[in-house]
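This report goes through one structure part by part, for a reader who has not seen it before. Please keep the sequence and the model at hand while reading.

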Amino acid sequence: MISSQLRKEGGDIELIDVDVENKKVKVKLKGSCKGCKNSLLTLKNFVEVMLKEHVDNRIEVLQV
């Protein structure tokens, strides 16, 4: 769902690592999302919110 939404805007996301114990998810933005001035907003206001809503509300998303 997250990836498909980003692809609509010409971007994408790649899962790099999941630290289950510390609730940290590392991702890499791709396509038009890579280097976009709003990439941090995309990570925090979209990706992180979706994961908190659907997986665990303690998750933190980090860009690598």
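Is K44 buried, partly exposed or exposed? K44 is partly exposed, as its relative accessible area is 27%. The model is a predicted one.

## A pair within helix α2

K44 has a salt-bridge partner in E48, and the closest N and O atoms of the two are 3.0 Å apart. Both residues belong to helix α2, where they are 4 residues apart, about one turn of the helix. The two partners can be compared by their cover: E48 is buried, with a relative accessible area of 10%, whereas K44, at 27%, is partly exposed.

Side chains of opposite charge can pair when their charged atoms come close. A search of the whole structure finds 7 salt bridges, and the pair of E48 and K44 is one of these salt bridges.

## Salt bridges between separate parts of the chain

D56 and K23 form another salt bridge, with 3.6 Å between the closest N and O atoms. D56 sits in the loop between α2 and β3 (60–63), and K23 sits in the loop between β1 and β2, so this pair ties together parts of the chain that are 33 residues apart in sequence. D56 is buried at 16% relative accessibility, while K23 is partly exposed at 25%.

E60 and K24 also meet through their side chains in a salt bridge, at 2.5 Å from N to O. Here the partners lie in strands: E60 is in strand β3 and K24 in strand β2, so the pair links parts 36 residues apart in sequence. E60 is partly exposed, with a relative accessible area of 28%. K24 is partly exposed as well, at 29% relative accessibility.

## The backbone at K23

K23 has a further feature, this time in the backbone. What is the phi angle of K23? The phi value is near 60°, which is positive although K23 is a residue other than glycine. The residue with this angle is placed in the loop between β1 and β2.

## The nonpolar core

Which residues have the most contacts inside the largest nonpolar core? They are I2, I13, V47, L51 and V61, in a core of 13 residues. The elements that contribute two or more residues to this core are α1 (2–8), β2 (24–31) and α2. Helix α2 gives the largest share, 4 residues.

L51 can be followed through its contacts. Apart from neighbours within four places in sequence, L51 is in contact with I2, V25, D56, I59 and V61. Two of these partners, I2 and V61, are also listed with L51 as having the most contacts inside the core. D56, another contact of L51, is the residue that forms the salt bridge with K23.

## Cysteines and S39

How many disulfides does a search of the whole structure find? The search finds 0. The cysteine sulfur closest to that of C33 is in C36, and the distance of 6.6 Å is too far for a bond, because a disulfide needs the two sulfur atoms within 2.5 Å. C33 is buried, with a relative accessible area of 9%, whereas C36 is partly exposed at 30%.

C33 is also one of the contacts of S39. With neighbours within four places in sequence left aside, S39 touches L29, C33 and Q63. S39 belongs to helix α2, which covers residues 39–54. At 11% relative accessibility, S39 is buried.

## A nonpolar patch on the surface

Which residues form a nonpolar patch on the surface? The patch is made by L15, V18 and V20, which together have about 290 Å² of accessible area. V18 is part of strand β1, which runs over residues 11–19. With a relative accessibility of 45%, V18 counts as partly exposed.

Conventions: Residues are numbered from 1 along each chain as its sequence is written. This is a predicted model: local features need pLDDT of at least 70, side-chain atom pairs count only at pLDDT 80 or more; totals for chains, interfaces and linings use all residues. Side-chain values use heavy atoms; hydrogens and water are left out. Buried means under 20% relative accessible area, exposed over 50%, partly exposed in between (1.4 Å probe, protein chains only). Contact means heavy atoms within 4.5 Å. Patches are made of residues with over 30% relative accessible area and no salt bridge: like charges are joined within 9 Å, nonpolar side chains (Val, Leu, Ile, Met, Phe, Trp, Tyr) within 5 Å. Accessible areas come from the Shrake-Rupley method with a 1.4 Å probe; for residues, only the protein chains shown count as cover. A salt bridge is a side-chain nitrogen of Lys or Arg within 4 Å of a carboxyl oxygen of Asp or Glu. A nonpolar core is a set of buried Ala, Val, Leu, Ile, Met, Phe, Trp, Tyr and Cys residues joined through side-chain atoms within 4.5 Å.
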